[in-house]
Amino acid sequence: MSHVGELGSGAGKGGGGGGSIREAGGSLGKKEAAHEEEFFYKQQKEQLKNLKTKTDNKTPDANKK
């Protein structure tokens, strides 16, 4: 369980330190935090897809021994 506050809720509460909009908190800070979370989620999903593709392509070569 995390002891930080809600993302985007202002400096020092789990959403701070990410720029002036997030430090101010409020709805813009929350929106920016949600936007950031979505970006990293999509980026990680794409990286996992690429990794799976690479490992799937290597699997048949390992069986040719």
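**A walk along helix α2**

Let's start at D56, which is partly exposed, with a relative accessible area of 40%. Keep in mind that this is a predicted model. The side chain of D56 meets that of K52 in a salt bridge, with N and O 3.1 Å apart. K52 itself is exposed, at 51% relative accessible area. These two residues sit 4 positions apart in helix α2, so about one helical turn separates K52 from D56.

Now step back to see the whole protein. There are 2 helices and 0 strands, and 11% of the 65 residues count as buried. The protein exposes about 5,600 Å², with carbon and sulfur atoms supplying 55% of that area. Among contacts with a separation of 6 or more, 11% come from residues 24 or more positions apart.

Back to charges: side chains of opposite charge can pair when their charged atoms come close. The count here is 3 salt bridges. Besides K52 and D56, E38 pairs with K42 at 3.1 Å, N to O. E38 and K42 are 4 residues apart in helix α2, which spans residues 26-62, so they too are about one helical turn apart. E38 is partly exposed at 37% relative accessibility. E46 forms a salt bridge with K49, where the closest N and O atoms are 3.9 Å apart. E46 is partly exposed, at 39%.

Finally, look at the rings. The whole structure holds 1 aromatic pair. The ring centres of F39 and F40 are 5.1 Å apart and their planes stand at 75°, so the pair is edge-to-face. F39 is partly exposed at 49%, and F40 is partly exposed at 44%.

Conventions
Residues are numbered from 1 along each chain as its sequence is written. This is a predicted model: local features need pLDDT of at least 70, side-chain atom pairs count only at pLDDT 80 or more; totals for chains, interfaces and linings use all residues. Side-chain values use heavy atoms; hydrogens and water are left out. Buried means under 20% relative accessible area, exposed over 50%, partly exposed in between (1.4 Å probe, protein chains only). Contact means heavy atoms within 4.5 Å. Accessible areas come from the Shrake-Rupley method with a 1.4 Å probe; for residues, only the protein chains shown count as cover. Rings of Phe, Tyr and Trp (its six-membered ring) pair if their centres lie within 6.5 Å; planes under 30 degrees apart count as stacked, over 60 as edge-to-face and the rest as tilted. A salt bridge is a side-chain nitrogen of Lys or Arg within 4 Å of a carboxyl oxygen of Asp or Glu.
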